Amino acid sequence: MNLNLIKHFLAAYDFKSISKAAEHMNMTQPSMTAAIKNFEEQSGKIMFYRTSRSIQPTEDAHYLAEQCREILGRLDSVFEEERKLKICCPEVIMQALPGYEGVYFVETPAIEYSILDKLRTGEVDIVVDDISVTDHSFIVESIGSQKLALACRKDHPTIGDTISLEQFKNAEHIMLRLKDKNVSALETRTEEAFERNVVREVSGQSNLLLNARNSDAVCIVSESMFNLAEELGLKVLEPPFTLRNYEMKMIYHKRSIQDQRHAQVREHIKKHLTPPSKK
């Protein structure tokens, strides 16, 4: 059997959609449909049940998918050097993780479904972030949380060692926008509704702190960035309202559960992010 047919089958299996599989494999939808038909004819088995909105794998497809992944994995190990595992996480987590041999860290993209698709197809090996996952193809482990607070210049003209609700409402603000939700990070962490005087909008926690250093504005800051905030001449303040913690989750595909190198990297991540009380 042509190895490309196996890759086409796995793409359809992972995405449960002919159109998405075709897009991922950079081919037309009719070509993908023909490839799946060819694969079914050569295997002598029906791989998918068609519905109005998707395709659902049969029991034979589940079995063959695991066998095909093993075959491709063995071929990769023969013809390629051992590749680095790719770990996706936001800046607040990445800067808290030390380097690890054979691991490549990359910042999580703005669109949640994009990173889950990459995890599904093997382009990414592990995601560490606070995102919702309902697909049972993935394992989700809760590995800790980070406290959230507010920060401003130590020599702020009106805010001292504490900040009141009135001071918060009257202050200028720097907003960290979450692109995939079209809201700010603050709005996702509190039940309160504020009309803030936003004077700057940035992406990334370090940009928040750098902008706060050179202005009288207030920003939100996560626990892993508290030390950096202090180094930049900022003071970290308890918010005058409830801010939910940033929950850290480690997400990976079920096919990687028994992979020894993958398991070692997962333990490395948990070692540095999980609080001692949870270990």
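Before we start: a residue is called exposed when its relative accessible area is over 50%, and buried when it is under 20%. Keep in mind that this is a predicted model.

**Exercise 1.** Work out which residues of H3 are buried and which exposed residues sit on the face turned away from them.

*Solution.* 
- Step 1: find the helix. H3 covers residues 29-43, 15 residues in all, and spans 21 Å from first to last C-alpha, close to the 21 Å expected at 1.5 Å a residue.
- Step 2: pick out the buried positions. These are Met32, Ala35, Ile36, Phe39 and Glu40. They lie on the same side of H3, because the arc they cover around the axis is only 135°.
- Step 3: check what comes after. Gly44 follows H3, and its phi is positive, near 75°.

**Exercise 2.** Describe the largest nonpolar core and say where its residues come from.

*Solution.* 
- Step 1: get the core itself. It holds 45 residues, and Ile93, Ile126, Val128, Leu209, Ile269 and Leu273 have the most contacts inside it.
- Step 2: trace the contributors. Strand E7 (residues 148-153) gives the largest share, five residues. Domain 2 (85-144 + 246-273) and domain 3 (148-237) each supply at least three.
- Step 3: zoom in on Leu273. Leaving out residues up to four places away in sequence, Leu273 touches Ile93, Ala96, Leu97, Val128, Ile143 and Met248.
- Step 4: look beyond this core. Another one, of 23 residues, lies apart from it, with Phe9, Leu10, Tyr13 and Ala61 among its members.

Note on methods. Residues are numbered from 1 along each chain as its sequence is written. This is a predicted model: local features need pLDDT of at least 70, side-chain atom pairs count only at pLDDT 80 or more; totals for chains, interfaces and linings use all residues. Side-chain values use heavy atoms; hydrogens and water are left out. Helices (H or I, at least four residues) and strands (E, at least two) are DSSP runs, numbered from the N terminus. The expected span of a helix is 1.5 Å times one less than its number of residues. Buried means under 20% relative accessible area, exposed over 50%, partly exposed in between (1.4 Å probe, protein chains only). The arc is that of the directions from the helix axis to the C-beta atoms. A nonpolar core is a set of buried Ala, Val, Leu, Ile, Met, Phe, Trp, Tyr and Cys residues joined through side-chain atoms within 4.5 Å. Domain bounds come from an automatic or database domain assignment. Contact means heavy atoms within 4.5 Å.
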